[in-house]
Structure formats: structure tokens, C-alpha cells
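Reader: I am new to aromatic pairs. Please take me through the ones in this structure.

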Amino acid sequence: MNKFFQIVVSAFKIGELRRRILFTAVILIIFRIFAFLPIPGVDLTSLKRLFSQNQFLSLLDIFSGGTLANFSVIALGLNPFINASIIMQLLTLVFPRLEELSKEGEFGRQKINQYTRALTVPLATLQAFGMYVLLKNQNIIPAFDPVKIIATVITMTAGTIFLMWLGELITEHGIGNGISMLIFVGIVARLPVTLVQTVTVWDATQIANMGIFAAIAVAVIVGIVVVNEGQRQILIQYAKRIRGDKIYGGQSTHLPLRVNQAGVIPIIFAISLVLLPTTMAQFVQNSGVLWLVRFSDLVIRFFSPSGISYNLVYFLLVIGFTYFYTAVIFNPKKISDEIRKYGGFIPGIRPGQQTASFLNYILNRITLAGAIFLGAIAVMPSLAQQITGITTLLIGGTGILIVVSVILETTKQLESMILTRSYEGFLKR
């Protein structure tokens, strides 16, 4: 954390980076202002009581940055956009046309982003309607009014699109990944609330349990830093080339393969999917259809945040998305072709297909270690809750995963920008 602040101070000395940081801060302030603008016609006291009594809804509220408990205009958060991104990336693997589009550089990326935004709208509309039905079933919204339904759904859908736009502004003109930054700020903004809840129910007999929980939290933070910084160095040797009376090449370098290539994205994707079944079940729980009510009760019990099945599914999703996203962002075949193009080779490995197979072999094994670790610390807060009995800090512990990862990624981006500007200044001299 101290290193992060030192880098921020250094960045403030560079005009362009200072503008980027201030721009990001302004966008985040706008995000937090909108988080407290409630949609009219909702009994906020009853709504907060419902969230305090429901562990699943409390978990959902944390990852929305508290916007759900306030039922603000951005109550849905970025969940529809994240779900749309997951669907689009899965479709990219299924449809050859989308796969070809993803390989067309910046143009292809922009087109896929357009499709993702378009898919976000119906998903947000569906979730907004479901949220209205849930609150109606809980008597938090007093009456069934078609005009009220339309106004609420449009407002919540527009709120998600607005958040998506803010995230893209941060990515383009600010610091860090915009979507990750908004989720990060939402989690950090809720941490004081969870701490106050813990102090409110403070019991002197829980001192030992608090110590255990703090030790687990520290171990999780250290583990995340170690895994994110861990990498396997692959030696790349470049052959000597003679042109005229000069010799080129003959140098060696290293290709770093990170243990966790995917960063924080697998956790965000996994938490979005693992919350989806319970979200849908909550919508139909009071539908009055007997078999549907029984099925929703079964789903809610199966995906209880403190249950074994929930944590097992969460663990497996983190592992799966780690592999999936690593395959999306790191292409061994492309890296192999680039190495061969510039006359490089891995000692003892032939250029071309054998190099791609070797890189894939190494990457699969180090990714397995990183994926298992990420999955383990993803479910660690739930295990800590079972051991210590402290439920109010359960969600804050899970949020540590995203908070630490975003800080590390943002720190690396700032370091890279500072280094780039330093080189530019040196060249100008």
C-alpha cells in the first residue's frame, strides 16, 4: 500500500498522469453520488431491514457498492454488463465469425464491445423487472402499477448503461480498468459499514475469533500479492545475424509467464454467475405456483452463501474462468510466431508448433496453481465465518480479493506510464 501511494505521488508530478488521476477521481465521485439517489416509491426502511436479514441479498449489495440497499438509480450495478461480457466471450468460442472478429485488432475489439453493450440492455431490463417483482412480493413496493413498473425498469436499465459509460470513460481517459475500478470503489465504500456492524454486535468473548479472522485476512492479502507477482521466466535466445560487416542478435531475454495471467477478472465473473441462480429464485419465490416455489426454495438452500454447495460451485467457477480468461488473453501460437519472426527460439525447443506446445504446457501448469489458489481464497471468508462465527465481515473478506488485485493492477499501470514518460523526457533532451 505504501508503494502504491509513492507511485501516485510520483505520477502527480507528471502533468498528463495528474489529469488522468483527477479525471478518475471525479468519475468515482459521480458514481458515489448516484449511488445515493433512490428511485421514488420504495420503502427504504423496509428494504434495508430485508437486506440485513438476508445473507444472500447482503452479499449482492456489497458487490453493487451499496446501491441495492439504497435502491438507487444504479441499483443493478454492473452485473448485467459483466454477464453480457461472459456470454459474448463464450459465443466467441462457439461462432467462427466472432472468433475471426476478435482477431482483427482494435476494430474487432470495438465491434465485440458494441455487441456486448447491446446485449447488456435486455439483460438489465430483465434483471430490473425481476428486482421489481422481488420487492413487490416483499411488500416493499406497495401496489402493482404498470406505469410504475415501466418507469422503474427504464430507470434501472439506464442506470446500468450510465455506469457502463463511466467505466469506459475511466478506461480511456483515466487510470486502470474502469469496470474493475467501479467495483473496487463500491466494495471499499461498504467496508466501513461492515466494520460498524461488527462493532455494534461486539462481544468480549469474540476477541479470539477476531484475531483468527484478522490473521486469515492478512494471509489472504499476502497470498494474493505473492500469486499476482509470481511468474515463470522462459529463456528466449536470439540467433546472430550478419549484415555486411555488422553482427546483429545473439542476445537472450526472458518471456515472463505469470501464475495468474487473468488477474481479478475470474473472481468478478465467478461471483456474478454464482449469485445468478439465487437471484432468479428470489424473484419467483412468492409466485404462488407450488412447484415453482418448491424449486426456488431448493435453489436458495443449495446456493446459500454459507453452504458447502455454494462454495464448491464458486471454487470451481473461479478455476474455470481463470483458465478461460487466460486462454483469451494469452495465445501461445501467436507468441510462438512472434518469437520466430524476430529470429528467437527457446533453447532445446524447435521454433513454431513445438514452441507453442511448450508454452501451452508450461502455462497450463502454472495456471493450475494460480487457479486453485484463487479458488481457495475465494471461499476462505466463508470458512472463516464457520470457524469464528463472525458473519458481518464475511463479505468484506471476499471483497479483499478484488480490492488487492485492482490495487496491484493499477499500480503496475501507473509504473508503466511513469516509465514511459521518463523515457520520452529523456529522448526529448
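Author: Rings of Phe, Tyr and Trp (its six-membered ring) pair if their centres lie within 6.5 Å; planes under 30 degrees apart count as stacked, over 60 as edge-to-face and the rest as tilted. The model is predicted: local features need pLDDT of at least 70, side-chain atom pairs count only at pLDDT 80 or more, and totals for chains, interfaces and linings use all residues. Residues are numbered from 1 along each chain as its sequence is written, and side-chain values use heavy atoms, without hydrogens and water.

Reader: Which residues do ring pairs link into a cluster?

Author: The structure holds 4 aromatic pairs. Ring pairs join three residues into a cluster: Phe34, Phe162 and Trp165.

Reader: Why is the pair of Phe34 and Phe162 called tilted?

Author: The ring centres of Phe34 and Phe162 are 4.6 Å apart. The pair is tilted because the planes meet at 45°.

Reader: How many residues apart are Phe34 and Phe162?

Author: Helices are DSSP runs (H or I, at least four residues), numbered from the N terminus. Phe34 is in helix H2 (residues 15-34) and Phe162 in helix H9 (residues 146-173). The pair links distant parts of the chain, 128 residues apart.

Reader: Are Tyr310 and Tyr314 buried or exposed?

Author: Tyr310 and Tyr314 form a tilted pair, 6.1 Å centre to centre, with 50° between the planes. They are 4 residues apart in helix H14 (residues 308-329), so about one helical turn separates them. Buried means under 20% relative accessible area, exposed over 50%, partly exposed in between (1.4 Å probe, protein chains only). Tyr310 and Tyr314 are both buried.

Terms used
Helix = DSSP H or I, 4+ residues; strand = E, 2+ residues; numbered from the N terminus.
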